[in-house]
Amino acid sequence: MALGLTLLCACTGGGGSGDDEAVPVASPEQFDYFGMFVNLADEVIVPNYRQLATNTAALADPTGPLGDYCAAIDTEEEAAALDTARLAWRDAMGLLQESEVHQLGPVADENTGLHDRLIKPADTNFSACGVDQSVVLGREPDFDLSTRLVNQKGMGALEYLLFNESLAHNCPAQIPETRDWNERSEAQRKRWRCDHALRIAADVAEAADAVLQAWLPEGGNYRAEFAHPDQHEAVIGLLSDGLFYIESDVKDRKLGSVLGLHNTCSQVACPDRVESLWSALSLDNIQRNLISYRRILTGDEGLSFDDMIASLGLPGIAERMVAQVDDALALLDTIDTPLKIQAQELLESGQADGCVNSAANPDTTQTVSACALHGYLKHITDTLRTDFVTAVDVDLPDRVQSDND
Amino acid sequence: MVSKLGRLAAVTLAVAAVSGCKYSFKSAYDKGESGVTYSGQVMRHLLIEDLVDELLALPPRPVAASTDVVGQLDFYFDFDSGTSDALPYSFALDGQPLLQGGNYGDVDTGKNLVGKIAGNDPALLGGEFFGWEAGMDADPTPEELVDYYFAQVDAEAKSAPIDILTAGGPASITTPYLSATGLDYRQLIQKFLLGAVAFSQGTADYLQTDFRAANVQEDDNLYTEGEHNWDEAFGYFGAARNYPAYTDDELASAGGRGAWANGYHDANGDGLIDLNSEYNFGNSTNCAKRDRGTAGNTNPTEFTTDVFNAFFYGRFALNAAANLNALGNTEVVLIGAMAEQAAVTWEKCISATVVHYINDVSADMDSFVDGQFADEANFTDLAKHWAEMKGFALGLQFNPYSPFRSGKVQGIDLDSLKEILALMGDAPVLPDGTQGGEAFAGGVTQYRSDLQTARDLLQAAYQFDPENVAGW
């Protein structure tokens, strides 16, 4: 898989590490925090939200790929239309995954709940039955999606509706709405699911647009609050907390708890805990998380943490962090077996040793590639939670205070 | 620095807030309102009760192969508020209306059992779960055991009736949650959940609170974090607010005054039973049953009094601290002592119940006739009593204050509890001398001896009076 990084021309600052060692760097007192925040806002964060809003709006458009699929059900065009709709979901999901690493500002405002409308919170379990129930309830004129819990909505619910090959419901017998579901015709079940997918897509698109508008100068202008020269310590803290998504969510939740490398999985592996259960795109999600992590770390061509750390006389730390994420991305490029399959194979083998060895020695032992990826992520997070936090003088977020590998 | 006058004022406020010998405390933040609330714990008790109802409602075996028995049971264990708040609960009191509306969402929202089972919340004490081998891997968890029990119910329910030999002739048993090896999964599931969810949460989570640090108002609520945590522990214990007003017979639903005789009472006379305050759930009734069992003995137990007093005085001190907005060292020590007394006495109610069922199982085995069950009831009684014994006994490992963990009883440690559970095994020994389908060395005679050894260990661990142990 290619990195796909877009090297944007930055009008907001220079700097950068890597090949530019000869370029003089500023001292800590002179470092241009304002330039760093403007760069990250204008070149990384807002463009990501803008593209997410665009893609999710297209997904929600009744005349877009999802609407086309709904119209094509039970016709010769159905399979092709479904492929196109799935591709559109995949593109939007990739953008959302990038945004997960900068969960700060409007998207993190618990009062608005915007994040949870885009994707369910990590600490809640997806409710397939809740979606099935909503599919039926959605036929009623007074159905109100806003009353449904967040674990029945967002991009995860869309994935379930678009990628789950089974049309059977997932509810216990006690749920009245789904009791006759399995007896309905295949075409009707597809149509009803697709109709509900459009409702959810509209909610996702509305949330994505709300996040974007909250950042824009003509909207809520959070950009001005974010890129404020007098608040650099607080903003650095927010950005740093965001980067720790790589530890709490990527290393521990998306990989560790699936591969039996985290104490939340008490078996050899827990394959059903993969993030994208139906689309088999869990590793793609991780790739987009890492790409975003790298962009926030380096600011692409503009100012960011690498320049800040260099200004402290510690360029080696940022260089190591970039090299570590590149190791992980390079390995991801070589992995063809979906994460769930790898976890299933581990579980069936009953042997954790291969995974543990790959995780402990990712450079030399990649027998279980996803476990080696976990090892590379641990390299990243070890540096993040030690050298990085010391260099930029921030605290560990509460959610990663203890390391439970 | 808080003055003596200030302390006196706070205590006076707390005393004034107490109404009789009831678990009733006014908020320090709004003197007109109660600061006691634990509807989430009531909801979990109700989910356990409804799970039992579901098991009891399964049709006779064999049920249709297409029946999703596990899904029907998971409905309660992994309760999904988002799909099911509007569904009616099955819990009911004969002819007695409840204050709470008829739907789950009227009791509380967003609660389930799996999220609060030991190992998920809080972490397993010592990082291990032990005492049940069948169907478990090398690294078992309580959640996995529940999943195993559910799968076993599914398999049993879809199997042919159980044929047993009795002294009176062959019998065919169609109960869907029994196994031919003498396991009553309905009892195992219920009793294990009371330990792994309610007892674990109460003792290993809420009573473990740093109460000094928690003497701060919780958000904008009418209580401090410490008060609320204490209330949640009390809610898991399951007692009605006026628990001391009941006789042991009434708490055990074994007689007493007419309006009290079924384990609940309309204390405020509104014609409705409030599940949050007027009903006795779970282990709170076991305490009374065991007290009843020692009435008239030389050293009768007072579990109901001891456990309620501990909960009451601890909460009283926390309420005073909330009024005072300070918690001194003396109060911290007192609250810690009350937490320990509540947890240890609660555990005694459970362990005495284990003793009770050891005695019942032994009596059931005494009824065997020439290598056969005396009759069908002999088989079903053995299965029921054994499952209650083992289900309750497994719960003893979830309390950090347990004598098996505290080191306060000479010669008793965690290995003693492991030995007790191992002596019980994963199934009773049947009249033909088998346990779980395998020959048991020494047969019924040896197993009876093993259970007596387990009972002796329990007697030593809790320093129970031998007369009480023999009579429970």
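**Disulfides and a helix pair in the predicted model**

With a relative accessible area of 1%, A:C355 is buried, a value under the 20% that marks a buried residue. This cysteine belongs to a predicted model, and its disulfide partner is A:C371, with the two sulfur atoms 2.0 Å apart. A:C371 likewise counts as buried, at 0% relative accessibility. The torsion about the S-S bond of A:C355 and A:C371 is -100°, and the link is left-handed. The pair connects distant parts of the chain: A:C355 sits in helix α15 (residues 353–360) of chain A and A:C371 in helix α16 (residues 369–392) of chain A, 16 residues apart.

A search of the whole structure turns up five disulfides over all chains. When the bonded cysteines of chain A are numbered in sequence order, they pair as 1-4, 2-3, 5-6, 7-8. One of the disulfides joins A:C70 to A:C194, with a sulfur-to-sulfur distance of 2.0 Å. Its S-S torsion is about -90°, so this disulfide is left-handed. The link bridges 124 residues, from A:C70 in helix α2 (residues 65–72) of chain A to A:C194 in helix α7 of chain A. Both A:C70 and A:C194 are buried.

Helix α7 also takes part in a helix pair worth a look. The axes of α6 (residues 154–163) and α7 (residues 186–215), both of chain A, come within 9 Å and cross at roughly 160°. Angles over 145 degrees count as roughly antiparallel, and α6(A) and α7(A) are therefore roughly antiparallel to each other. Their crossing is left-handed. On the α6(A) side, the contact is made by A:G154, A:M155, A:A157, A:L158, A:Y160 and A:L161, which meet A:R193, A:H196, A:A197, A:I200, A:A201 and A:V204 of α7(A). Sorted by class, this contact has nine nonpolar residues, two polar and one charged.

Turning to chain B, a disulfide is formed by B:C287 and B:C349, whose sulfur atoms are 2.1 Å apart. Here the S-S torsion is 105° and the link is right-handed. B:C287 lies in helix α10 (residues 283–292) of chain B and B:C349 in helix α12 (residues 329–366) of chain B, so the bond ties together parts 62 residues apart in sequence. Both B:C287 and B:C349 are buried. B:C21, by contrast, is in no disulfide; the nearest cysteine sulfur, that of B:C287, is 15 Å away. With a relative accessibility of 44%, B:C21 counts as partly exposed.

How values were computed: Residues numbered from 1 in each chain as written. Chains lettered and ligands numbered in written order. Predicted model: local features only at pLDDT ≥ 70, side-chain atom pairs only at ≥ 80, totals over all residues. Heavy atoms only, no water. Axes fitted to C-alpha atoms, helices over the stretch in contact; angles between N-to-C directions. Helix = DSSP H or I, 4+ residues; strand = E, 2+ residues; numbered from the N terminus. Parallel < 35°, antiparallel > 145°, perpendicular 65-115°, else oblique. Left-handed = near helix turned anticlockwise from the far one by under 90°. Contact = heavy atoms within 4.5 Å. Nonpolar A, V, L, I, M, F, W, Y, C, P; charged D, E, K, R; others polar. Disulfide = S-S within 2.5 Å. Buried < 20%, exposed > 50% of the residue type's maximum accessible area, 1.4 Å probe, protein only.
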